[in-house]
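Here's a quick briefing to read with the structure open in your viewer. Have a look at the fold first, then work through the points by topic.

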Amino acid sequence: MYKPDKVWNRFAKRYEKSPVSNEAAYREKLKITRTYFTPESEVLEFGCGTGTTAVSHAPFVKHIDAIDVSSKMLDFARGKADAAEVSNITFVCADIEKYAERGIVYDVIMGHSILHLLEDKEAVIATVYDILKPGGVFVSSTVCIGGSNPVMKAALAIGRSLGLLPLVRFFTPEELAKSLTDAGFTIEQEWLPENSDAVFIVARK
Ligand SMILES: C[S@@+](CC[C@H](N)C(=O)[O-])C[C@H]1O[C@@H](n2cnc3c(N)ncnc32)[C@H](O)[C@@H]1O
């Protein structure tokens, strides 16, 4: 059985050291996201990884719950928050679906570089919808590699079966947008930066 926590614990150190792939696009995504924040915003980030995005947004909101299945990723994230003297993030080691059972609701939910890594993204999108307040927004950046070559798919499948690589799902930006609207969201912004596979979407409940 696929265990994302094990795979991501193994990747944590390398992930922390790897640079952001498109710095200008990343900064623009941060800027757009902040237009949806107020000083009273209660925010959830799932799959927060090593915490770069949560720590960067923390000064602009009331509180962020930043969750991840990987305890090792969270170790880096906590260290980053401490170094930045950020005290309004609560880090929780949890799977998004399990975490949602706590019944906490949010103004903004972020899920970056994660929707293509889930067993069942439709179920997670439905969960995100449930735990957003009415009018709340879901902000995501997702690698969409639908239609990619069969050799890459086969290599990823072998790597996953050996427990060496994470599960990767293949879908297009259009398919992702449809998953969101099928769940009840209205797409408010959609942006595919030049030379990038990662589509940035802001979807409102
Ligand atoms: C590619 S990393 C992205 C990290 C960060 N969001 C970023 O943009 O750099 C994916 C992260 O999602 C986490 N993850 C995978 N499945 C998850 C799940 N079901 N619930 C919560 N976190 C999950 C992994 O542990 C990993 O840290």
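This is a predicted model: local features need pLDDT of at least 70, side-chain atom pairs count only at pLDDT 80 or more; totals for chains, interfaces and linings use all residues.

- You'll find Trp8 in helix H1.
- Trp8 counts as buried because it has 20 C-beta neighbours inside 10 Å, and 20 or more is what the label takes.
- Setting aside neighbours within four places in sequence, the contacts of Trp8 are Val69, Ser70, Met73 and Pro166.
- Ser161 is 153 residues away from Trp8 in sequence, yet the two C-alpha atoms are 15 Å apart in space.

**H1 against H4**

- Helix H1 (residues 4–17) packs with helix H4 (residues 71–83) at an angle of about 35°, and their axes are 7 Å apart.
- On the H1 side, the residues that meet H4 are Trp8, Asn9, Ala12, Tyr15 and Glu16; on the H4 side they are Ser71, Lys72, Met73 and Phe76.
- Sorted by type, the residues of this contact come out as five nonpolar, two polar and two charged.

**Thr50**

- Thr50 sits in the loop between strand E1 (42–46) and helix H3 (52–57).
- Is Thr50 buried or exposed? Thr50 is buried, since 24 other C-beta atoms lie within 10 Å.
- Beyond its neighbours within four places in sequence, Thr50 is in contact with Tyr15, Glu16, Met73, Phe76, Ala77 and Lys80.
- Thr50 and Gly79 are separated by 29 residues in sequence, with their C-alpha atoms 8.9 Å apart.

**The sheet**

- Seven strands make up an open sheet with mixed pairing, in the order E3-E2-E1-E4-E5-E7-E6.
- Why does one side of E3 and of E6 have no neighbour in the sheet? Strand E3 (89–93) and strand E6 (186–191) are at the edges and each has a single partner strand, so one side of each is left without a neighbour there.
- On average, neighbouring strands are turned by 15° against each other, ignoring direction.
- Helix H8 (residues 173–182) packs on this sheet and touches strand E5 (132–143), E6 and E7, with its direction at about 20° to that of E7.
- Strand E2 (residues 63–68) runs parallel to E3, and five bridges join the two.
- Within strand E3, Cys93 is the residue opposite Asp68.

**Strand E4 and its partners**

- Strand E4 (residues 106–112) is mostly covered, with six of its seven residues buried.
- E1 and E4 run parallel and are joined by three bridges.
- Leu44 has Ile109 in E4 as its bridge partner.
- E4 and E5 also run parallel, with six bridges joining them.
- Val137 in E5 stands opposite Val108.

**The nonpolar core**

- Which members of the largest nonpolar core touch the most other members? Of its 49 residues, they are Ala54, Ala66, Ala77, Ile89, Val108, Ile109 and Phe138.
- Strand E7 (residues 198–204) supplies the largest share of this core, with six residues.
- Phe138, leaving out neighbours within four places in sequence, is in contact with Ile109, Val128, Leu132, Phe185 and Ala203.

**Positive phi in two loops**

- Ser113 isn't a glycine, but its phi is positive, near 55°.
- Ser113 belongs to the loop between E4 and helix H6 (121–130).
- Ser113 counts as partly exposed because it has 16 C-beta neighbours inside 10 Å.
- Asn195 has a positive phi too, at about 55°, and isn't a glycine either.
- Asn195 is placed in the loop between E6 and E7.
- Asn195 counts as exposed because it has 8 C-beta neighbours inside 10 Å, and the label applies at 12 or fewer.

Notes:
Residues are numbered from 1 along each chain as its sequence is written. A nonpolar core is a set of buried Ala, Val, Leu, Ile, Met, Phe, Trp, Tyr and Cys residues joined through C-beta atoms within 7 Å. Helices (H or I, at least four residues) and strands (E, at least two) are DSSP runs, numbered from the N terminus. Two residues are in contact if their C-beta atoms, placed from the backbone, lie within 7 Å. Two strands pair if DSSP finds at least two bridges between them. Axes are lines fitted to C-alpha atoms, for helices over the stretch in contact, and angles run from 0 to 180 degrees between N-to-C directions. Ala, Val, Leu, Ile, Met, Phe, Trp, Tyr, Cys and Pro count as nonpolar, Asp, Glu, Lys and Arg as charged, and the others, Gly among them, as polar.
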